[in-house]
Amino acid sequence: MSPPKTTPHISCTAEQFARTVIMPGDPMRSRFIAENYLENPILINNVRGVQGYTGTWQGKKVTVMASGMGVPSMGIYSYELFNVMGVETIVRIGTCGGMQASLSVGDLVLAQGACTNSNYASQFRLPGTYAPLASFKLLRAAVEAAERLDLRVAVGNVLTSDYFYDDSRSTLDWARLGVLACEMEAAALYTNAAQAGKKALAILTVSDDLLTGEAMTPAQRETTLGTMIGLALEIA
Ligand code: HPA
């Protein structure tokens, strides 16, 4: 057995991780998914309350672990999973703010690309702007699974923003170039996947509409969480 590889943020060994990780933002959601969808879930990490569980789904080993909120937090966890824990695939499930009239609260968005106002990719010292992309294989699998499950999905660009509270009110500017929705983690996940040669996809639900101010009810949140988990597990 290889020696335990620990990180500052994860206190288990690579062997305890599945190759595929489903990653909600919220640690409580991670526990909810483990308890309600996985068989024999075992708590493998609880550093900073970022709960990670490994169990099986239809016989396949799957880990669910939270990312926390925002680019730095997703940057840390996805880096350690891809580069230390031997994880091959991360599927983020989360919420987003809709920015197009064609989208309604409760709709599903598959983030094909993630524009960003974060300077996360500047660490790679590229002579231009990097375009973080989802894994085409995962994206195609998610589109096909959505068709099988009769789910309507929008596929396209999202904005990964550093600002939930945006004094510049610049978020909606991105809608002019067809960006569907904004969230706070996908660009970091996709950039780290590219750096590590691994696969990632963000499956999002529109929790609030930035054009109308409409927001999801708690009941809708439960239902759409179930839908995203179903889709993520289908492609896992
Ligand atoms: N901004 C950023 N992230 C979000 C939003 C938003 O308006 N809604 C849900 N996640």
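In the predicted model, Thr20 touches Lys60, Val62, Thr63, Thr89 and Ala236, when residues up to four places away in sequence are not counted. Thr20 is located in strand S1. Its relative accessibility is 6%, and because buried residues are those under 20%, Thr20 is classed as buried.

Beyond its neighbours within four places in sequence, Thr7 is in contact with Glu80, Val84 and Met85. With one of these residues, Glu80, the contact is polar: the side chains of Thr7 and Glu80 are joined at 2.6 Å. The side chain of Thr7 also reaches the backbone nitrogen of His9, at 3.0 Å. Trp57, in contrast, is 50 residues from Thr7 in sequence, and the C-alpha atoms of the two residues are 27 Å apart in space.

Attention now turns to the strands. Strand S9, formed by residues 199-209, is mostly covered, with 9 of its 11 residues buried. Strand S5 (residues 89-98) pairs with S9 in the parallel sense, over 10 bridges. The pairing of strand S6 (residues 108-116) with S9 is antiparallel and comprises 3 bridges. Ile203 of S9 has a counterpart in each case: Ile93 stands opposite Ile203, and Leu110 likewise stands opposite Ile203. In a regular strand, side chains alternate between the two faces of the sheet.

Helix H4, which comprises residues 186-196, is also mostly covered, since 9 of its 11 residues are buried. H4 is followed by Gly197, a residue with a positive phi near 70°.

H2 passes H4 in a right-handed crossing. On the H2 side, the contact is made by Val71, Met74, Gly75, Ser78, Tyr79, Phe82 and Asn83, and on the H4 side by Ala188, Leu189, Asn192, Ala193, Gln195 and Ala196. In an α-helix there are 3.6 residues a turn, so residues three or four places apart point the same way.

Another helix pair is formed by H1 (residues 27-37) and H5 (residues 218-235), which pack at an angle of about 70° with their axes 12 Å apart. H1 and H5 are therefore roughly perpendicular to each other, because that description applies to angles from 65 to 115 degrees. The crossing of H1 and H5 is right-handed. From H1, the residues Arg29, Phe32, Ile33 and Tyr37 take part, and they meet Arg221, Glu222, Leu225, Gly226, Met228, Ile229 and Leu233 of H5.

Finally, two residues in loops are considered. Gln58 is placed in the loop between strand S3 (52-57) and strand S4 (60-65). The phi of Gln58 is near 50°, which is a positive value in a residue other than glycine. Gln58 counts as exposed, because its relative accessibility of 65% is over 50%. Arg169 is placed in the loop between strand S7 (153-160) and strand S8 (181-183). For Arg169, phi is near 50°, again a positive value in a residue other than glycine. With a relative accessibility of 72%, Arg169 is also classed as exposed.

Terms used: Residues are numbered from 1 along each chain as its sequence is written. This is a predicted model: local features need pLDDT of at least 70, side-chain atom pairs count only at pLDDT 80 or more; totals for chains, interfaces and linings use all residues. Side-chain values use heavy atoms; hydrogens and water are left out. Contact means heavy atoms within 4.5 Å. A polar contact is a pair of N or O atoms within 3.5 Å; within protein, one must be able to donate a hydrogen and the other to accept it, and residues adjacent in sequence count only if both atoms are side-chain atoms. Buried means under 20% relative accessible area, exposed over 50%, partly exposed in between (1.4 Å probe, protein chains only). Helices (H or I, at least four residues) and strands (E, at least two) are DSSP runs, numbered from the N terminus. Two strands pair if DSSP finds at least two bridges between them. Axes are lines fitted to C-alpha atoms, for helices over the stretch in contact, and angles run from 0 to 180 degrees between N-to-C directions. Angles under 35 degrees count as roughly parallel, over 145 as roughly antiparallel, 65 to 115 as roughly perpendicular and the rest as oblique. A crossing is left-handed if the near helix is turned anticlockwise from the far one by less than a right angle, and right-handed if clockwise.
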